[in-house]
Amino acid sequence: MGETLQSPRGFHDILPPDIDTFRFVTSTVRDILRLYNFTEIITPIVERVEVFERSIGEATDIVQKEMFVFTDRKGRKLALRPEGTAGVVRAYIQHKLYAQRPYHKLFYEGPMFRYERPQAGRYRQFHQIGAEVFGPAEPLADAELLKIVSDILEALKVEATLEINSLGCAECRPAYREALKGFLEGVSSHLCKDCLERKDRNPLRVLDCKVEGCREATKEAPKMVDFLCQECREHYETLKKLLTEMGVDFRENYNLVRGLDYYTRTVFEAVSPKLGSAVIAGGRYDYLVEQMGGPPTPALGFAVGVERIALVTEAPPLKEKLYFIIPFGDVIPYALKVAQRLREEGKRVEISYRKGGLRKQLEFADKIGADYAVIVGEDEMREGVVTLKDMSTGRQEKVKVV
Ligand code: ATP
Ligand code: MG
């Protein structure tokens, strides 16, 4: 035997029973998005690296140090997607979806890749399911997107605080940026090495730093909400009013900026107190479509971190009861007919492939979590019945199946 091979660092197998929780998350989110009339889009896992540089931003952690970049055989620079929005925007523009209808509500699901230090809930390959809305500038769209987030949390029974903030627009953000820069200059002795660099190039990013010292130092930082122009202020106030009317609980977090450059106005995160991190995150990106070569198109979206949220939810047990069929003697065709009939009734059925004594077989049934053992011997076949054993009570009775 050769040396056992391991998956690469940060790359995980998703095994049973974890996969049940994983699928519970994605199918729940899909079901909710369908009710809001979103349709799916599948984009490639690999994009030209510019797709991410031009959208996420050159000065962000993702582009600077977290992307898996490689060249293909013709020397083209490609990247494994670190997130979903950039590719969806690229596709939206490439296929001129904007010409088809006034707006689009799309969702995607799949693996994302980031070269990060692996730890609990943080991997190099992870999965997101996310929604994007192209077209509406109205705060109603923001409010409804947050309502979807709240529906998801409720359906998955995940306890999380919905934090919101506004990052303003091209009108009002520059003045804030300058004010923040001035403030950061004053507290620079408390900032980490990365933030010393960020404070000049991308000062808002300092507010997103996870280092405790930086968090402490920026507690009294100027707030974007105090700098919002008239239109951004109205947008933000209307959003808050709508959320209250819809019964969506939220908390304002004036330091919430998110790790990507493309956001404008509304940003939000659903933060799990148990994990101390976000399980769903998103916001508005009104300039991104234009910036990537499309017509000016306000847009917004969010992404659910599937593995992350799976840490704080649990799939309910399968509805369909499990039947384990144990054939004895020359009864295989009859046992298969029984199996077929039970499956037609929507039951989960396994037939024992092995020969062995009843005790061994029942132990196996117990091990795989069968609700019922179905004993099929030659007597049963002759009478056209099976012996059904309820694994939880131990009671057994003969019943007619076929
Ligand atoms: P964080 O602050 O935790 O690094 P982020 O701001 O980089 O998150 P986003 O780009 O907003 O994350 O991605 C949306 C969601 O995807 C996050 O809220 C998180 O649940 C999940 N996520 C992000 N990076 C990872 C990762 N490396 N492994 C697992 N899940 C992740
Ligand atoms: Mg990150």
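**Working chat**

Q: Before we start, what kind of model is this?
A: This is a predicted model.

Q: OK. Which domains does the domain assignment give?
A: Domain 1 covers 18-172 + 228-310, and domain 2 covers 322-400.

Q: How far apart are the C-alpha centres of domain 1 and domain 2?
A: The two centres lie 49 Å apart.

Q: Let's look at helix 13. Where is it, and how many residues does it have?
A: Helix 13 runs over residues 332-344 and has 13 residues. At 1.5 Å a residue, the helix should span 18 Å. Its end C-alpha atoms are 18 Å apart, so the two values agree.

Q: Which residues of helix 13 are buried?
A: Tyr 334, Ala 335, Val 338, Ala 339 and Leu 342.

Q: How do the buried residues sit around the axis of helix 13?
A: Looking down the axis, they fall within an arc of 145°, so they line one face of the helix.

Q: Why would residues a few places apart point the same way?
A: An α-helix has 3.6 residues a turn, so residues three or four places apart point the same way.

Q: And which residues are exposed on the other side of helix 13?
A: Pro 333, Lys 337 and Glu 344 are exposed there.

Q: New topic: the surface. Which residues form a nonpolar patch?
A: Ile 45, Val 46 and Phe 70 do. Together they have about 200 Å² of accessible area.

Q: Where is Val 46 found?
A: Val 46 is in strand 2, which covers residues 46-48. The relative accessible area of Val 46 is 33%, so this residue counts as partly exposed.

Q: Which residues does a cis peptide bond join here?
A: Pro 16 and Pro 17, with omega about 5°. Pro 17 lies in the segment before helix 1 (18-35).

Q: What about phi of Asn 37?
A: Phi of Asn 37 is near 65°, a positive value in a residue other than glycine. Asn 37 sits in the loop between helix 1 and strand 1 (39-40).

Q: Is Asn 37 buried or exposed?
A: Exposed: the relative accessible area of Asn 37 is 55%.

Q: And what is phi of Arg 265?
A: Phi of Arg 265 is near 50°, also a positive value in a residue other than glycine. Arg 265 is found in strand 9 (residues 264-272).

Q: Buried or exposed, that Arg 265?
A: Arg 265 is buried, with a relative accessible area of 12%. The cut-off for buried is under 20%.

Notes: Residues numbered from 1 in each chain as written. Chains lettered and ligands numbered in written order. Predicted model: local features only at pLDDT ≥ 70, side-chain atom pairs only at ≥ 80, totals over all residues. Heavy atoms only, no water. Domains from an automatic or database assignment. Patch = residues over 30% accessible without salt bridge, like charges linked within 9 Å, V, L, I, M, F, W, Y side chains within 5 Å. Areas by Shrake-Rupley, 256 points an atom, 1.4 Å probe, with all protein chains shown as cover. Salt bridge = Lys/Arg side-chain N within 4 Å of Asp/Glu carboxyl O. Helix = DSSP H or I, 4+ residues; strand = E, 2+ residues; numbered from the N terminus. Buried < 20%, exposed > 50% of the residue type's maximum accessible area, 1.4 Å probe, protein only. Expected span 1.5 Å × (residues − 1). Arc of directions from axis to C-beta.
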